[in-house]
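Subject: Structure handover

Hi,

Here is the structure for your files. My notes on its side-chain contacts follow below.

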Amino acid sequence: MDPLWLAIAFALGLLVKLIGFPPMVGYLIAGFTLKYFGAEPDDLIQTISELGITLLLFTIGLKLRIKDLLHREIWGGASIHMLLVTLLMGLIVFVLSFSSLHIFANFDWKQALIIGFALSFSSTIYAVKILEDKSELKSAYGVLSIGILIIQDIFAVLYIVIVAGKLPSIWAIGIPVLFVIIRPLLLLILDKIGHGEILVLYGFFLALVVGAELFKIVGLKADLGALIVGILISNHKKAKELANSLMSFKDIFLIGFFLSIGLMGLPTLQIFKVAIVLALAINLKVILYFFVLTRFKVRARTSLFTSLALANFSEFGLIVASIAVAKNLIPSDWLVAIAIAVSITFIISAPLNSKAHKIYSNLKDYLRRFETQNRLIYDKTFDIGDAEILVFGMGKLGLSVYNQLNKIHGRKVLGLDYNYDIVQKLKKEGIIIQQDDASDSEFWESTFKTSNHHDVKLIMLCMNDHKSNVFAIEQLKITGFNGNIAAIARFEDERKQLEKMNVDAVYDIYSEAGYGFANHVCSSVDIGSSR
């Protein structure tokens, strides 16, 4: 790749980040900028892009449970939403076809439905990046969002098989059997492989060879193979470590994907007008997400956050459109129009997701009207009972805090976490814990305004996401909480922000860990007196 490409991608990515947008928006703009100055996509950029997508789906698989996809709100919500959006977007495009724009020459309702179907997908890459940046991949809405995206990906695979005429090899039937046979071996190797670069290399081997290449050989979608292999080993104790070790590689390779979208082509004025209309129609897609999910007993807050995470068009829509263009089902101009629309929706979606909590806080009274009387068991707000100390974020640090406080205060300590899996696991271990989200304004309202839990004397905020800690502190100030607040910080700027908010105690993870380690060693080892 030309060094100039990297320089432009870095410069625009940094500039966009400084003004509050995700860097990926800058990479998209970099792609269009390079295209404007005559750059063309080459084999290298395409290879990097494909590697990024493959690793992305593999890491999703490492964090996914099959049973999550079996929830009605996931497979039912995704299917109904795709049908409604396909019809609605198809209708909008068909109505536009009566204009004089050349892109609609010899246009018919079948072409409108194909374009509507391409626009019914939401971006897996974008949604996962948003969720990872907010540390909410395993939240109720994070699991729901990823589940819906996986169902959409399955529809994409079916489309490719039917329309592209790429029937799988007869050997594809043996893939499930092969995976059942080799899974114990894959897990055994993961047990023995240790850490460091060999673990990273094994991750590449699983994603690109065992998954992608094997599926490609039998005529199935390569990316789907990477996803399924990730799911196969997702229950292993090293799955999370493997996903974290691949994260930086995945992020770098995905830059190629965003550049490649911009390099697809520059729009004419007419194509750009159509792309603007399509991008604005994303609002209808968001409304339909919210309406469909609330009909499946999903809480208004979870439905809104899911809708905003999926408030975009997708790279899979581009794949659908490219196959349709190759089969002469739609004009090639539509591929550029959809690429522009995808880019615009990424830009629209970024501030919506960064302000999601505030958006819900302002609209919650109206949005709650759409909730059903009964709600999903994993999507409720619970009563904290007579707890006096709350520990939010029950990861390694939070669990250590809980155990130490529990030795002193016993059942007065309550752990809280938004991750359903963590909550269920710790409950089995005898931990007093329940599922709640510190970034949920409804939790603070119901706990401190409505229920008047004045027994709470201390709140420990141990969440990895600094924004969630800040949001929780803001909500506590609004409710008039007069107890003590303690929060963790990983960086100097985070510590200073928390201190400005008058937090009673700020725990700098790295410096305090060193202090604690030194004290532990000095109390455990006799090093004698200095001379």
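E494 is buried, at 9% relative accessible area. Buried means under 20%, exposed over 50%, and partly exposed in between, using a 1.4 Å probe and protein chains only. The model is predicted: local features need pLDDT of at least 70, side-chain atom pairs count only at pLDDT 80 or more, and totals for chains, interfaces and linings use all residues. Residues are numbered from 1 along each chain as its sequence is written, and side-chain values use heavy atoms, leaving out hydrogens and water.

**Salt bridges**

E494 forms a salt bridge with R490, at 3.9 Å from N to O. The rule asks for a side-chain nitrogen of Lys or Arg within 4 Å of a carboxyl oxygen of Asp or Glu. R490 is partly exposed, at 31%. By this rule there are seven salt bridges.

K457 pairs with E388, with the closest N and O atoms 3.5 Å apart. This pair links distant parts of the chain, 69 residues apart. K457 sits in the loop between α21 (441-450) and β4 (458-461), and E388 in the loop between α18 (356-367) and β1 (389-392). Helices (H or I, at least four residues) and strands (E, at least two) are DSSP runs, numbered from the N terminus. K457 is partly exposed, at 48%.

E213 and K216 also form a salt bridge, at 3.9 Å from N to O. Both lie in helix α10 (residues 197-217), three residues apart, about one turn of the helix. E213 is partly exposed, at 35%.

**Aromatic pairs**

The structure holds 16 aromatic pairs. Rings of Phe, Tyr and Trp (its six-membered ring) pair if their centres lie within 6.5 Å; planes under 30 degrees apart are stacked, over 60 edge-to-face, the rest tilted.

Y126 and F346 are stacked, because their ring centres are 4.6 Å apart and their planes at 20 degrees. Y126 lies in helix α7 (residues 124-133) and F346 in helix α17 (residues 333-354), so the pair ties together parts 220 residues apart in sequence. Y126 is buried, at 0%. F346 is buried, at 0%.

Y141 and F305 pair edge-to-face: 5.4 Å centre to centre, with 80 degrees between the planes. Y141 is in helix α8 (residues 140-163) and F305 in helix α15 (residues 300-309), 164 residues apart. Y141 is buried, at 4%. F305 is buried, at 2%.

Ring pairs also link F104, F107 and W334 into a cluster.

Best wishes
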